[in-house]
There are 2 protein chains.
Amino acid sequence: MKQLLGAEIRLAARPVGEPAPADFELVTAEVPEPGPGEVLVRNTWMSVDPYMRGRMDDVPGALPPFALGSVLEGGAIGEVVGSNDPDLKIGDTVTHFAGWREYSVVGDATRIDTTIAPPQAYLGVLGATGLTAYAALTDVLKVKPGDVVFVSAAAGAVGSVAGQLARRFGAAKVIGSAGGPLKTKKLIEDFGFDAAIDYKAGDLAARLAAEAPDGIDAYVDNVGGDHLEAALDRLKVGGRAALVGSISGYNQRVPGPSNLMQVTYKSLTLQGLQVTSYLHLFGEYIGLAAPVLADGTLHAEETVVAGLAQAPEALIGVLRGANTGKMLVKM
Amino acid sequence: MKQLLGAEIRLAARPVGEPAPADFELVTAEVPEPGPGEVLVRNTWMSVDPYMRGRMDDVPGALPPFALGSVLEGGAIGEVVGSNDPDLKIGDTVTHFAGWREYSVVGDATRIDTTIAPPQAYLGVLGATGLTAYAALTDVLKVKPGDVVFVSAAAGAVGSVAGQLARRFGAAKVIGSAGGPLKTKKLIEDFGFDAAIDYKAGDLAARLAAEAPDGIDAYVDNVGGDHLEAALDRLKVGGRAALVGSISGYNQRVPGPSNLMQVTYKSLTLQGLQVTSYLHLFGEYIGLAAPVLADGTLHAEETVVAGLAQAPEALIGVLRGANTGKMLVKM
């Protein structure tokens, strides 16, 4: 029997600063047979997330660094084309974490219900990014009615969901920041934010102070750097920030906020989160999000590039803010 | 009847950078009569704490900024010399928060038990700084047996107590940092730390990595800046930092740590604390600390300057690290 061949993307070099195409290598390799309990999946969609940049450095974290010369990893959706798992049959659509390749052999694929949402939604609004927003607002920030909430990178996959969830949880005002007039217009018109700040247009801190003269209760930080600094100055006594991402600092170390003593003065809590710690909330979150996604109340956007070979450019792009909503590769 | 006169220290100017003597003004003023329920206290000891520098700036915080031209405020101990409070009689020794003056008229003085410890202990190891250490280790850090704990400014009033409490709570290793060989020697010999790092001697981050090759579970931050950066790199996944003080940043804004994305990668929690939020733990803490202070198991040091007129120099000194243990003014 002829061995199956599949394309995959390997880490060719550890990036210095912004990743370059040469840091990735597209290789065609033999696909192993699925072992006991495993399935063979032909991938159809792949998730592209800013945090992946962190795994390209040789620095320990909640997820280990990608190994040089090895295939990268990330969320993906595909169709089962071979199965040794009695619970999954050929033709099932599944989600798993062995993306960056045409075919994946996995032991922990999960079947998804494509009758309530298109498959790629399970990588974004109904997937890890949506769950991240939900965990940030519930477990970390405990957003409650009347809160003033600030969300950075608010047109991104996590931010756009976080803003809408804050509204659903009764926030008095939801303020988002994004880069450029098109994105900020979208924050108001499509994602339902009460106020939008174009951080590229000028003084983020002054704009935030003007939008929240009495301070903010909770901050969803996807940016770090100047955004976190502005938020620390505006957070009320006892306020909380969920440190979800640091898009300003993935490619290079940037100085942290110079006002961290505000954390002490105002008894603030800054808490980092990894979605892998919140998988137990997935059912609860899908129960909330799927119906409102289906009826159009929850608005999700996608930025799609075509073909596995484009995945490196998609990652470079998402780190530059090229996306609105979820960045995806359609295989 | 002749009006009572008393010396007091007022804020003459808001400091730029390090406070200068000219930012303070020593004035003799009339002392008001105590009103109903109030007592007149002749102060004998005054607390000098780095956080006071923050209140000299016109920036809102858990405690409001000192007003220009007004008497400063802070913890003090004194003797009741006039009383309209049926629960306090002349001759009682009390603690209150209206320091920086020779005589205070206060409505919320608390009698202290000078049979179990000398009065000034209630400003330090049995007072706000001791309680700060206790709240940091229990409520914020939840230190448990086996933890590796790092404490910065470990020879200071909060740090020296925090290190000893961490040991009592079963920490596997307690590492402290301080400036200079005399202080680091004291950490080991007098305060019982397992390891001491002289941050002035060289590479703090490398020394911390060498002392904690498998990482640290909890960090008591009294410094900010480079110390917080080194700790963020060493904290284990799920680790916690109590942001108690920022001695590196009170006099001027310093850049924050450039590795705050570690908070996200490792699901860390950074929590600021103000001791005023933990007054409900005072009884519990005194119950733990007073006996071990009395039997010598808990070691406390004091750096004492004499006379109210020296209080500004004492504050300038504590911000420079001139003290070991608690900085006090003996009136």
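**Entry 1: two copies**

I began with how copies are laid over each other: they are superposed by least squares on the C-alpha atoms of residues with pLDDT of at least 70 in both. I then looked up chains A and B of this predicted model. A rotation of 180° with 0.0 Å of shift along its axis puts chain A on chain B, with an RMSD of 0.0 Å. That is how a two-fold axis relates two copies. In chain A, the C-alpha nearest this axis belongs to A:Gly256, at 2.0 Å from it.

I also noted that 100% of the interface residues of chain A are interface residues in chain B too, so the copies meet through the same surface.

For my own bookkeeping, residues are numbered from 1 along each chain as its sequence is written, while chains are lettered from A and ligands numbered from 1 in the order in which they are written. Because the model is predicted, local features need pLDDT of at least 70 and side-chain atom pairs count only at pLDDT 80 or more, while totals for chains, interfaces and linings use all residues; side-chain values use heavy atoms, with hydrogens and water left out.

**Entry 2: chain A as a whole**

I found nine helices and 15 strands in chain A; helices (H or I, at least four residues) and strands (E, at least two) are DSSP runs, numbered from the N terminus. The radius of gyration of chain A, taken over C-alpha atoms, is 20 Å. The globule rule (2.2 Å times the number of residues to the power 0.38) gives 20 Å for 331 residues, so chain A is as compact as a globular protein of that length. Along its principal axes, the C-alpha trace spans about 70 × 45 × 35 Å.

How much of chain A is buried? I read off 56% of its 331 residues, where buried means under 20% relative accessible area, exposed over 50%, and partly exposed in between (1.4 Å probe, protein chains only). The accessible surface of chain A is about 12800 Å², and 55% of that belongs to carbon and sulfur atoms; such areas come from the Shrake-Rupley method with a 1.4 Å probe, and for residues only the protein chains shown count as cover.

Contacts (heavy atoms within 4.5 Å) came next. Of those in chain A with a separation of 6 or more, 67% are between residues 24 or more positions apart.

UniProt, in an unreviewed entry, places "domain: Enoyl reductase (ER)" at residues 17–329 of chain A. Its positions are given in the numbering used here, feature names are shortened, and annotations may be inferred rather than shown by experiment. The end C-alpha atoms of that span lie 23 Å apart, and the span is 27% helix and 25% strand.

Among the buried ones are B:Leu131, B:Tyr134 and B:Val140. What do they pack against? The list includes α3 (157–168), β12 (235–243) and α8 (282–294) of chain B. Just after α2(B), B:Lys142 has a positive phi of about 50°.

Helix α9 (residues 311–320) of chain B has eight of its ten residues buried, so it too is largely enclosed by the rest of the structure. B:Pro312, B:Ile316 and B:Leu319 are among them. The partners of the buried α9(B) residues include β1 (5–11), β3 (39–48) and β14 (302–306) of chain B. B:Gly321 follows α9(B), with a positive phi near 80°.

**Entry 3: a strand and a tyrosine**

In a regular strand, side chains alternate between the two faces of the sheet. I checked β10 (residues 195–198) of chain A: A:Ala195 and A:Ile197 point one way, A:Ala196 and A:Asp198 the other, and all are buried. β10(A) pairs in the parallel sense with β9 (residues 173–178) over four bridges; two strands pair if DSSP finds at least two bridges between them. One bridge joins A:Ile175 to A:Ala195.

Is A:Tyr103 buried or exposed? A:Tyr103, in strand β6 (residues 103–106) of chain A, is buried at 18% relative accessible area. The C-alpha atoms of A:Tyr103 and A:Glu8 are 8.1 Å apart, although 95 residues separate the two along the chain. Leaving out residues up to four places away in sequence, A:Tyr103 touches A:Leu4, A:Val31 and A:Val81, among others.
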